[in-house]
Amino acid sequence: MDLLPLIIIFALSLFIGYEVITKVPSTLHTPLMSGSNAISGIVIVGAIIIVSNANGILAIIISVIAIILATINVVGGFMVTDRMLAMFKRSKNRD
Amino acid sequence: MLEISSNIENIVYLISASLFIIGLKRLASPTTARNGNRLASLGMLIAIIVTILKYTDNNFEWIIIGIVIGGLLGIILSKYVQMTAIPQLVAIFNGFGGGASALVAIYEILYPKESVISIFVLAAIAFSTILGSLTLTGSFIAFGKLQEIIPTRPILFPLRNYLNSLLLLLIVFFAIIMVIPNFSSLNILYILIALSLLAGILIVIPIGGADMPVIIALLNSYSGIAGAGAGFVLNNPVLIISGSLVGASGLILTRIMIKAMNRSLANVILGGLGSDDGSQHATNENRLVKSLNTEDAAMILGYAENVIFVPGYGLAVAQAQHQINELANILKDNGTKIKYAIHPVAGRMPGHMNVLLAEANIPYNELKDLDEINSEFDNADVAVVIGANDVTNPIARTDPSSPIYGMPILNVDKAKSVIVLKRSMASGFAGIENELFFLDKTSLLFGDAKDSIEEMTREIKNLDNI
C-alpha cells in the first residue's frame, strides 16, 4: 500500500478512537484499559508474518518471542477483561 | 499457505477492525460491555486465522509453539490474578505489547525483504523500536512498584531531570541518524534500543504510587502507538487502525487522570508532588483529632439515613471490599441509602476502585463519580472515608499555597458527619495534612479497615437485636 492511504487510515482511526472512547464511563475505565490493551496485541499479526519468513535460528527466536509476548497480551487481556466485566451488576429492585 | 488474495485479506482485516470499534463502543455501558469485549476478541481471532492461512508456508510449527506458550501464560495470568493486582497485570501486559511491537520492527531491519529500506519505513522502525522498548522497561518498573518489589515512594536520583532530558535528546538524535539512509546502521539501532530501554526505567522510577494511574494510562497509549508504528513498517492497515485506537484510548485516560489531579503531564513526569520537601513542613504541629471506637461508629451509621462511602487505595491494601458490601447490605436492610463516591484517581489505575467494588458484588449504579456525587454530600448524614486521603482534603479548595490547590476533590467535608477509617496519623501521598481530619464533625476510627468494618457490621447487627 502507498504511504498516503496508510496515513489517512491512521488519522481517521485516531478520530474514531477519540469519539468512541470518550463515551466510556469512568466505572469501566479499568476494563477499557485491559480490553484496549488486548486489542493492541493485534501486533500478533505482524509477529506471525515475520515468523513465516524467518530463516536461521536468531530470526526464529526473535519472531517466536514476539508471538509469545503478543499472545499473552491478546489472550490474557481479553480473558481478564471478561472476568472483570462479569462482575459488574446492577442492583435488583433498588433505586 | 492458502491462496488468499490481498483483497480478501484486507477485507477480513476490515471486519476485525470494525469489530474492535464496535467492541469499544459497547464499553459505553456495563450492560453491553461484556458482549463488546467478546466481539473484539472475535475480531482478533479472525485476523489471526486469516494471517496464518495467508502467510504461513514454513515455520508453521513455530507459530503454534509461540501461540500455545503465550496463550497458556495469558490464561494462567488472567485466571489467577487477584482483583487488587489488576493494575500490575495491566502494566505487564502493556509491557509485553510494547515489546512485541519493538521486536517486529527490529526484525524488519535485521532481515529486510528488500535491499534498500525507504526513509519512511526506517522512520517507522525507529519510532516503534523506541516506543516499544521504552514501554517494555517502563511497564516492568511500574509492575515492580505496584507489586512493591521496588519501593513505591518516588525514587529521586540527583540531576534526574537533566539526565532524562539528555537521554531523550540522545534518542531523538540517534533516531534522526537512523532514518538517514547512508548513516543508518545496525549499530545505531542497537544504541537506540539500549537508550530507549534505559529511558523507560529512568522515567518511571521517580514516579510515586499515587501517580501510577497517569503512568499506566500513558504506557497503555505508548503500547498502542508502537503497534501502529509496526503497522507502518509492515504496511498492514489493521495494525495501524488497532494501534491508533489504543493510542487514543490511553491518551484520553491520561488526560482525565492529570485533570483529576489538576496537574500537567510534565509535572507528573518531572515529579512535582510527593517529593522530598513536601512531607517536612506538614507533620510538625501536634494537632488534636477526635477518635471513636467501632461501637460509636456503628451507632452513628445505624441511625443514618443517607450514607456515602469514600474508598481509596487503602481499601485495596486492606482488601476490605467484601466487608464493605456486607456492612452496606445490613444498612440497606435497615432502610439506609448507600452510595459510593469514587474519585478518578482513587487507587492505582483508572477505574481501579470500581472493579474492586464490583468484585464484592456492589452494584455499579451505586458507584458515583466526582461530578455526580459532590452535590449529594450536603444531604449525607455520614460519609465514611476508607483509605482515601488527599482526594478528600478541603485545603485543595481553599489554600492557594497548598501543592494540591485546585485539584478537584470529593466534598466529604460537606457531609453532616464524617468517619475516617485510618491505620495511623501518617499524611497522604502528597505529604500534606488533611484538614478534613481536624474538623469538628470528623471522627477517626483507627485500626485495620477490614477489622474495623467487620466489627461495625457486628455492632449494627447487635443494635438491631435490641
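These legends walk through several close-up views of a predicted model.

**View 1. Chain A, a set of helices.** Start with chain A, which has four helices and zero strands. Follow the sequence from one end to the other and the pattern reads α-α-α-α. The radius of gyration of chain A is 18 Å, well over the 12 Å that the globule rule gives for 95 residues, so chain A is more spread out than a compact globule. Its C-alpha atoms take up a box of roughly 65 × 35 × 15 Å along the principal axes. Even so, buried residues account for 61% of the 95 residues in chain A. As for contacts between residues at least 6 apart in the sequence of chain A, 65% join residues at least 24 apart.

**View 2. A covered helix in chain A.** Now zoom in on α2 of chain A, which runs over residues 29–40. How many of the residues of α2(A) are buried? It's twelve of twelve, so to speak a helix that is mostly covered. Among the buried ones are A:H29, A:P31, A:M33, A:N37 and A:S40.

View 3. Chain B brings 17 helices and six strands. The radius of gyration of chain B is 25 Å, close to the 23 Å that the globule rule gives for 466 residues, so chain B is as compact as a globular protein of that length. The box around the C-alpha atoms of chain B is roughly 85 × 50 × 35 Å along the principal axes. Buried residues make up 54% of the 466 residues here. Chain B is split into domain 1 (1–80), domain 2 (96–276) and domain 3 (294–465).

**View 4. Where domain 2 of chain B touches domain 3 of chain B.** The C-alpha centres of these two domains sit 37 Å apart. Their contact draws 16 residues from domain 2 of chain B and 13 residues from domain 3 of chain B. Which elements give two or more residues to the domain 2 side? They are α8 (212–234) and α9 (237–260) of chain B. By class, the domain 2 side holds twelve nonpolar residues, four polar and no charged.

**View 5. Chain A against chain B.** Here the contact takes 75 residues from chain A and 92 residues from chain B. On the chain B side, the elements that each supply at least two residues include α1 (6–26), α2 (30–55), α14 (352–359) and β3 (367–369). The largest share of that side comes from α9(B), with 14 residues. Sorted by class, the side of chain B that touches chain A has 55 nonpolar, 30 polar and seven charged residues.

**View 6. The largest nonpolar core.** This core has 193 residues, and those touching the most other members are A:A47, A:I48, A:I67, B:V104, B:V310, B:A383 and B:I386. Helix α4 (residues 57–87) of chain A gives the most to this core, with 16 residues. Take B:V310 for a closer look: leaving out residues up to four places away in sequence, B:V310 touches several residues, including B:A341, B:A383, B:I386, B:L410 and B:V412.

Terms used:
Residues are numbered from 1 along each chain as its sequence is written. Chains are lettered from A and ligands numbered from 1 in the order in which they are written. This is a predicted model: local features need pLDDT of at least 70, side-chain atom pairs count only at pLDDT 80 or more; totals for chains, interfaces and linings use all residues. The radius of gyration is taken over C-alpha atoms; the globule rule is 2.2 Å times the number of residues to the power 0.38. A residue is buried if 20 or more other C-beta atoms lie within 10 Å of its own, exposed if 12 or fewer, and partly exposed in between; C-beta atoms are placed from the backbone. Two residues are in contact if their C-beta atoms, placed from the backbone, lie within 7 Å. Domain bounds come from an automatic or database domain assignment. Ala, Val, Leu, Ile, Met, Phe, Trp, Tyr, Cys and Pro count as nonpolar, Asp, Glu, Lys and Arg as charged, and the others, Gly among them, as polar. A nonpolar core is a set of buried Ala, Val, Leu, Ile, Met, Phe, Trp, Tyr and Cys residues joined through C-beta atoms within 7 Å. The expected span of a helix is 1.5 Å times one less than its number of residues.
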